[in-house]
Amino acid sequence: MNEIILWVLAFISLFVSVFWLQVIYLKKKEKYSLNYFPEVSILIPAYNEEKNIAKAINSVLNLDYPKDKLKIIVINDGSKDKTKEIASKFKEVLVIDNEHNGLGKASALNKGLKYANTEFFAVVDADSEVKQDSLKKLIILFRDKNTAAAISTIKVKNPKNVLTHIQRLEYILATFIRKLMSKIDTLHITPGVLSVYRTNVVKKLNNFDENNITEDLEIAMRLRYYNYSVKMNDEAITYTNVPSNFKQLWDQRVRWFRGFIQNNLKYKKMFMS
């Protein structure tokens, strides 16, 4: 009996290994050039980000993308510091105020969406920076009309102690896993560091859920629930700050875990589908 179990486990392990090797190495990487530049609204929700907001805006302004096709919107989400004052110094940026509602940044994103009349919109966290060619590499993914969102590779911007270096390795592993999930069309998260969405699809599905603590996970799972695809281009690089002390990390991971449970219960009908 034990021998049979070992043979079954060996067969399953071999099958899984061959499957993932095929996904990683045998599927040819398609190369596409972008010859059409659609208009994109870039939403930057910000709450008390006076130390980071200028860097985030400058990285967006430096994108290798036609400037007349970009609409940059900073949503001041009730900041108590100089976030709004700093953002307002950029003449290319529209700064709007949001009276914070709900559990997370979803209300700020929904306020920004009222001003997003473009074919696509992107979300950039105020403590993050985007690489020059990152937006172009994501827009390319929308050649498939069923693709409703596209995400970037996230790298740690500030690895300065043991805790942040551990998270750097974690983000590298997350990139690898998300790349595999994208290849087999099972990706179901759109992180805020840089994700791009079809505006009409998100608006059709009633925007972001303001009563959800992880709106980036919820909107991606909702897109998947309605049979839209979420894709990733691992060559689209973005950088973010990560928690540098244990309390910050604990608070972040508790929120992520609660959001994971909340959204998996909300979309439990998707299990094994």
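Contact is defined here as heavy atoms within 4.5 Å. Helices (H or I, at least four residues) and strands (E, at least two) are DSSP runs, numbered from the N terminus. The structure is a predicted model, in which local features need pLDDT of at least 70 and side-chain atom pairs count only at pLDDT 80 or more, whereas totals for chains, interfaces and linings use all residues. Residues are numbered from 1 along each chain as its sequence is written, and side-chain values use heavy atoms, with hydrogens and water left out.

The protein chain contains nine helices and eight strands. Its mean pLDDT (the predictor's confidence in each residue, from 0 to 100) is 88, and 87% of the residues reach 70 or more. Over residues 14-20, pLDDT stays under 50, and the model has three contacts for this stretch beyond four places in sequence. Of the 273 residues in the chain, 46% are buried, where buried means under 20% relative accessible area, exposed means over 50%, and partly exposed lies in between (1.4 Å probe, protein chains only). Among contacts with a separation of 6 or more, 79% are accounted for by residues 24 or more positions apart.

Helix α8 (residues 215-225) is mostly covered, with ten of its eleven residues buried. These buried residues are E215, D216, L217, E218, I219, A220, M221, R222, L223 and R224. Their cover includes the helices α4 (106-113), α7 (199-204) and α9, together with the strands β6 (147-156), β7 (195-198) and β8 (229-240). Just after α8, N227 adopts a positive phi of about 70°.

Helix α9 (residues 246-266) also packs against helix α6 (residues 162-183): the two axes come within 11 Å and cross at roughly 30°. Axes are lines fitted to C-alpha atoms, for helices over the stretch in contact, and angles run from 0 to 180 degrees between N-to-C directions. Because angles under 35 degrees count as roughly parallel (over 145 as roughly antiparallel, 65 to 115 as roughly perpendicular and the rest as oblique), α6 is roughly parallel to α9. The contact is formed by L163, Q167, E170 and Y171 of α6 and by F246, L249, Q252, R253 and W256 of α9. By class, the contact has five nonpolar, two polar and two charged residues; Ala, Val, Leu, Ile, Met, Phe, Trp, Tyr, Cys and Pro count as nonpolar, Asp, Glu, Lys and Arg as charged, and the others, Gly among them, as polar.

In helix α5 (residues 134-139), S134 counts as buried because its relative accessibility is 0%. Beyond residues up to four places away in sequence, S134 touches L63, L194, A236 and I237.
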